[in-house]
Amino acid sequence: MTETKTRSPELRAAAGAMAGLRQDLIRDAFAYCPLPPMRTDGPVTRRLPERLRARAGWTPHAMVLGAALIAFMQGFASTGNAGVLLSGLLPAACIAMTLIRPVGAFWLSMAMVPVSVLFGGADGPWGPSAFFAHLVVLNVVAVRTRPRTAAWMWALTLLLGTFVENVVGWDGGSNTAAMAVSSAFALLLVSLVHIRREAEREVTVQRTVTAVERDRRTLLEERTTIARELHDVVAHHMSVVAIQAEAAPYRVENPPPELEQAFLTIRENAVAALTELRRVLGVVRTEGYEVPDAPQPTLAELDGLLANVGEAGLTAEKAVTGAVRELPQGVELSAYRIIQEALSNTLRHAPGATAKVEIGYVLGGLGLRVVNGPPTGPVKPSPGAGHGITGMRERVGMLNGEMTAETTADGGYEVTAFIPVQQAPSDAPVEQA
């Protein structure tokens, strides 16, 4: 630990550089790493026929093998049959090797330089085919790895060429400068493309995460709103129960002690339940949230809602079946909000259409159905994010109900929901309005 702290910045930078070199070009240099097929969902490949699109994924492999063939033909043309092994087959093998062992192909291409020194050459450490092959290997490995690896390969290539020409005493031509310049431009271009693709991939990931977080936030906000409304409804009724239980003994002259104790127990339980309710659900209130002064809407106010959407251009009719009765306030509120949201969606997504609202009072609960026709007229539908459907599902789910939302056969849309309601024995149905 002390030795590490006492190292100079230069030594630490050199140690870090050597560690990066080992990680990029030495560790698992000859590991099997086949080149995967190319994606075929791009702007050009997705327009191809299905059969050609399936084969288009192997385009990079064909390009690499085509470059290997060019290197072989170039070496064969320059030396003929005598030196085709060194000047043709080995450079072609280096290029083809990038398909399965890219870093190993780079080291094999570097090893060809001493071979050229031993057998001589007129144009420098790299012959014509070896020059072309090394450029191809550098670019393919840079594409398959990362920009830092490309920088290491370029530096090692320049170092090896300089060493051969100046230290070993190469008496042929010099093409290290040409290799350095051409490979620098090629690697720079490949690195820029690589960095751009990585940036696009990061942006895509961030957009996906943002969309997921936005949907989650919308869902949580909708749940918070529902919890607030339920808190207000249940807290109101529990408060009424506590007050009535406290006042009930005074309504009877000389009530028996058992009755007083029973009402006292009811009041204590109501107060305890109210305290627990506020402790659990009260946390959803933010500092700026205020309890609405106006009463929450119920199905009795549905005619006003239909008149309101009628003024906005939506013709909607109502049909009620079954014996109309008073339902719990939470059910009434959720049913009203579901119908309200379904009609709002019709206004946004199906301008010019007509809608029908059906309400069914059955023994086990309340059934809702809101259906609209396809959009008509010159007005274009407004885009939406689907948050309204999510909110309706959350409302129905918190009341243990079921809901479906789907497109109809004629191009319209239908929302159906069933909210279970336990009917008390004392509930007295009233005549249908």
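These are my notebook entries on a predicted model of a protein chain.

**Ground rules**

I number residues from 1 along each chain as its sequence is written, and my side-chain values use heavy atoms, with hydrogens and water left out. Since the model is predicted, local features need pLDDT of at least 70 and side-chain atom pairs count only at pLDDT 80 or more, while totals for chains, interfaces and linings use all residues.

**Entry 1: the whole chain**

I started with the overall make-up and found 13 helices and five strands. Helices here are DSSP runs of H or I with at least four residues, strands are runs of E with at least two, and both are numbered from the N terminus. Next I looked up burial: 34% of the 433 residues are buried. Buried means under 20% relative accessible area, exposed means over 50%, and partly exposed is in between, with a 1.4 Å probe and protein chains only. Then I checked contacts, meaning heavy atoms within 4.5 Å. Of the contacts with a separation of 6 or more, 72% are between residues 24 or more positions apart.

**Entry 2: the largest pocket**

Rolling a probe the size of a water molecule over the atoms shows where empty space is left. I looked up the largest pocket, and it holds about 1400 Å³ of space. It has 31 lining residues, and the closest to its centre are Leu35, Met38, Pro60, Val143 and Arg197.

I had to look up the terms. The search runs on a 1 Å grid over the protein atoms alone; a cavity is a set of points where a 1.4 Å probe fits but cannot get out, whereas a pocket is an open set with protein on both sides within 12 Å along at least five of seven lines. Lining residues have an atom within 4 Å of a point. Grid points are joined across faces, edges and corners, and the volume is the space filled by probe spheres set on the points.

Which helix gives the most to the lining? Helix 9 does, with 10 residues. Helix 4 (59-79), helix 7 (128-144) and helix 9 (176-247) each supply at least two residues. By class, I noted 16 nonpolar, seven polar and eight charged residues in the lining. Nonpolar covers Ala, Val, Leu, Ile, Met, Phe, Trp, Tyr, Cys and Pro; charged covers Asp, Glu, Lys and Arg; the others, Gly among them, are polar.

I also checked His61, which lies in helix 4. His61 is buried, with a relative accessible area of 12%. Not counting residues up to four places away in sequence, His61 touches Leu35, Pro36, Pro37 and Leu99.

**Entry 3: helix 7 against helix 8**

Two packed helices are described by the angle between their axes and the distance between the axes. Axes are lines fitted to C-alpha atoms, for helices over the stretch in contact, and angles run from 0 to 180 degrees between N-to-C directions. Helix 7 and helix 8 (residues 147-166) pack at about 155°, with axes 9 Å apart. That makes helix 7 roughly antiparallel to helix 8. The cut-offs are under 35 degrees for roughly parallel, over 145 for roughly antiparallel, 65 to 115 for roughly perpendicular, and oblique for the rest. His134, Leu138, Val141 and Ala142 of helix 7 meet Ala150, Met153 and Thr157 of helix 8. That contact has five nonpolar, two polar and no charged residues.

Is Ser183 buried or exposed? Ser183 counts as buried, at 1% relative accessibility. Leaving aside neighbours within four places in sequence, Ser183 is in contact with Leu135, Leu138 and Trp154.

**Entry 4: helix 11 against helix 12**

Helix 11 (residues 302-311) and helix 12 (residues 329-349) pack at about 10°, with axes 11 Å apart. That makes helix 11 roughly parallel to helix 12. From helix 11, Leu302, Leu305, Leu306 and Val309 meet Tyr336, Ile339, Gln340, Leu343 and Leu347 in helix 12.

I then looked up Ser334, placed in helix 12. Ser334 counts as buried at 5% relative accessibility, and touches Arg395 and Leu399, not counting residues up to four places away in sequence.

Most residues other than glycine have a negative phi. Asn400 has a positive phi of about 60° although it is not a glycine. Asn400 sits in the loop between helix 13 (387-398) and strand 4 (402-407), and is exposed, with a relative accessible area of 66%.
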